[in-house]
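Let's take a friendly walk through a protein model. Have a look at the sequence and structure below, then read on.

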Amino acid sequence: MAQEQKRDQTVRLPNPSAQPFVAALKTARFFAVLFFWVTMVCVLAHAATFFLLEWFGLYDMPATEARAGPEPAEPTVRGPAAWLGLFEGAALAADPGELFPGVEPTFRSRKPASSKPAAEKPAVEEPPTAQPPATEGVVVAEPGESAGKPAPPTPEQRRRTALYYRNLTAGLLPPARVIGVLFAMLLTVTVFIYLQIALLGRLAGIRQLTRALFVLLLFLWTVFPWEGIFEGFRTSALFDFEMLLEAHAARLGAATEDWVAQLAYFGQYLVMPVAAVLLLAWSGIQFASGYNRSVLANE
């Protein structure tokens, strides 16, 4: 029984022949870490773009306010009503004697003008009344208060800010998309080479390295541009920015009862980037564990 227990115990002995493999693994690990962080930055940039658009409204452009034009003129009345209105206006403006020269008016609303001019009364100057101060009834802000509360941005300023960030993001995301896909493929190949070197040198950490490789394959599925191979299949975490803006505008204009379109929208632009970040982080943790067992244990 004592001999069987001794056989089951693992004994770690120094492996002098593993030093060349350890040096190769250190080189592979350097490139793996470089490819990992570049890919992570590209995926996080796409995920942050969706959050800035959907919940922070960074790219939303407010509608420009319509300028107030001249007031529309009153519609002119045509037909019999126009003639009645014309005669009515002429009757009020003209003297009755002009309209009916043979009839002497029996009643005039105005007093007859006297031939003698009325004596002009001397104008009496009234004492000037005290004018209320201009600041009466107006709340005057303190000097520090006006400086601490800036005026809210106008719709034109918000439109220019949104347009600036749209152009900036449209210039950064396409290169990040290409770099993210290329470096994800390079990272997968690097981890595969690392695993082959560890197997050839009979080093520890093979289980963690194998797990990291297959998780990277799943991550590669989430970021690969499948629309170039399968027509209409657009489920990439590294999405196109213009397509995101069009889908966002269509979602706002569509009915809220269309839950299938809502699910497809959030699944493509939210679930896929978040899943890609989690898969890449999990693969990095497994690779770090395998590196500690394969390299650090043999130094």
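W55 sits in the loop that joins helix 2 (19-54) to helix 3 (80-93); helices here are DSSP runs of H or I with at least four residues, numbered from the N terminus. This is a predicted model, where local features need pLDDT of at least 70, side-chain atom pairs count only at pLDDT 80 or more, and totals for chains, interfaces and linings use all residues. Residues are numbered from 1 along each chain as its sequence is written, and side-chain values use heavy atoms, leaving out hydrogens and water.

## Helix 6 and its partners

Helix 6 (residues 155-200) packs against helix 9 (residues 259-294) at an angle of about 25 degrees, with their axes 12 Å apart. Axes are lines fitted to C-alpha atoms, for helices over the stretch in contact, and angles run from 0 to 180 degrees between N-to-C directions. Helix 6 and helix 9 are therefore roughly parallel (angles under 35 degrees; over 145 counts as roughly antiparallel). Here L187, V191 and Y194 of helix 6 meet residues of helix 9 including L280 and F287, where contact means heavy atoms within 4.5 Å.

With helix 7 (residues 206-223), helix 6 packs at about 160 degrees, the axes being 10 Å apart. Helix 6 and helix 7 are therefore roughly antiparallel.

## A salt bridge

Which residue forms a salt bridge with R251? The partner is E54, with the closest N and O atoms 2.2 Å apart. The pair links distant parts of the chain, 197 residues apart: R251 is in helix 8 (residues 241-253) and E54 in helix 2. A salt bridge is a side-chain nitrogen of Lys or Arg within 4 Å of a carboxyl oxygen of Asp or Glu.

Terms used. Helices (H or I, at least four residues) and strands (E, at least two) are DSSP runs, numbered from the N terminus. Angles under 35 degrees count as roughly parallel, over 145 as roughly antiparallel, 65 to 115 as roughly perpendicular and the rest as oblique.
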